[in-house]
Amino acid sequence: MKYVNLGRTGLKVSRLALGCMSYGVPERGGHPWTLDEERSRPVIRHALESGINFFDTSNSYSDGTSEEITGRALRDFARREEVVIATKAYFPQGKGPNQRGLSRKALMAEIDNSLRRLGTDYVDLYQIHRWDYDTPIEETLEALHDIVKAGKARYIGASSMYAWQFAKALYTADLNGWTRFTSMQNQLNLINREEEREMLPLCAAEGVGVIPWSPLARGRLTRDWDVASKRSDTDQIAKEMYTATEAADRVVAERVKRVAEARGIPRAQVALAWVLHNPVVTAPLIGATKNTHIDDAVAALKVKLTPDEVALLESAYIPHAVAGFN
């Protein structure tokens, strides 16, 4: 395993991060494809044994049970100082009007709730899951700064939003002497490359680490296009993001298959290697429900695509509408 700095910080993270949305009580939070605790623990342990030290979850995954399962597994299988734990806040946590968003009230409550579920005194990376149009960014940033100063988070990060919004957050923090965002968690894969236009150049210029979600397009780049899975059948967000460009995306997926067959390796390794070859990317978030998923991801670190292979994979891409920001 390789370890790199997260953005301009001194924090060392593995070149792969384990996305923990796949772990949680299936009946909770609208994620029926998740693994329960008994099935989650061996996968999390295998990630640790493979050298992964970076684990990302959210207060909204499976109604908070992802944090509980992840936290217990990491306490049992690793020492706290050996792992980097990231979580997020934004989405509704109850019916009350203040149990959502990025107000000071919501953030101060949710960081404590996340720490309780994770069973730790602090998280290494506390992220805003989306942009909150109802709360001034100044209020959000000052609250995050106070959370860091209170020792409840070591660094802060952001997730999917427009580049102008992220730029505003960065310069607002600088103007006020508040803690700056260290990372951006956004969508990047061979069938959705819109972040290459504005967000990735901004992150490169500002020294922000990039930890992309869905590097395999929720599995669409790892199997034949017409083959379904439990997640693809029930993941409404994925259906919203990919169905409008299905014909063009299918061509890209077929080219992933072509490169993989020529090399004699799984398609997942090719698709992930493409994300990893981008110099702005710090650590893609892999969603693993089997040990073999982790093995493929680790193997992808050694796959170096040729310029001809990259050109073949990229040339069928068409522009996509903005998706995943809400």
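This is a predicted model: local features need pLDDT of at least 70, side-chain atom pairs count only at pLDDT 80 or more; totals for chains, interfaces and linings use all residues.

Modeller: Residues are numbered from 1 along each chain as its sequence is written, and side-chain values use heavy atoms, with hydrogens and water left out.

Colleague: Which residue forms a salt bridge with Arg28?

Modeller: A salt bridge here is a side-chain nitrogen of Lys or Arg within 4 Å of a carboxyl oxygen of Asp or Glu. Arg28 lies in the loop between strand S3 (17–19) and H1, and its partner in the loop between strand S4 (54–56) and helix H2 (65–77), so the pair ties together parts that are 35 residues apart in sequence. With the closest N and O atoms 2.9 Å apart, the partner of Arg28 is Asp63.

Colleague: Where do Arg250 and Glu254 lie?

Modeller: Their side chains meet in a salt bridge (3.7 Å, N to O). The two residues are 4 residues apart, about one turn of the helix, and both lie in helix H9 (residues 246–263).

Colleague: What arc do the buried residues Ile294, Ala297 and Ala300 of H11 cover?

Modeller: In helix H11 (residues 291–300), Ile294, Ala297 and Ala300 are buried, meaning under 20% relative accessible area with a 1.4 Å probe, protein chains only. They are on the same side of H11, because around the axis they cover an arc of only 120°.

Key: Buried means under 20% relative accessible area, exposed over 50%, partly exposed in between (1.4 Å probe, protein chains only). The arc is that of the directions from the helix axis to the C-beta atoms.
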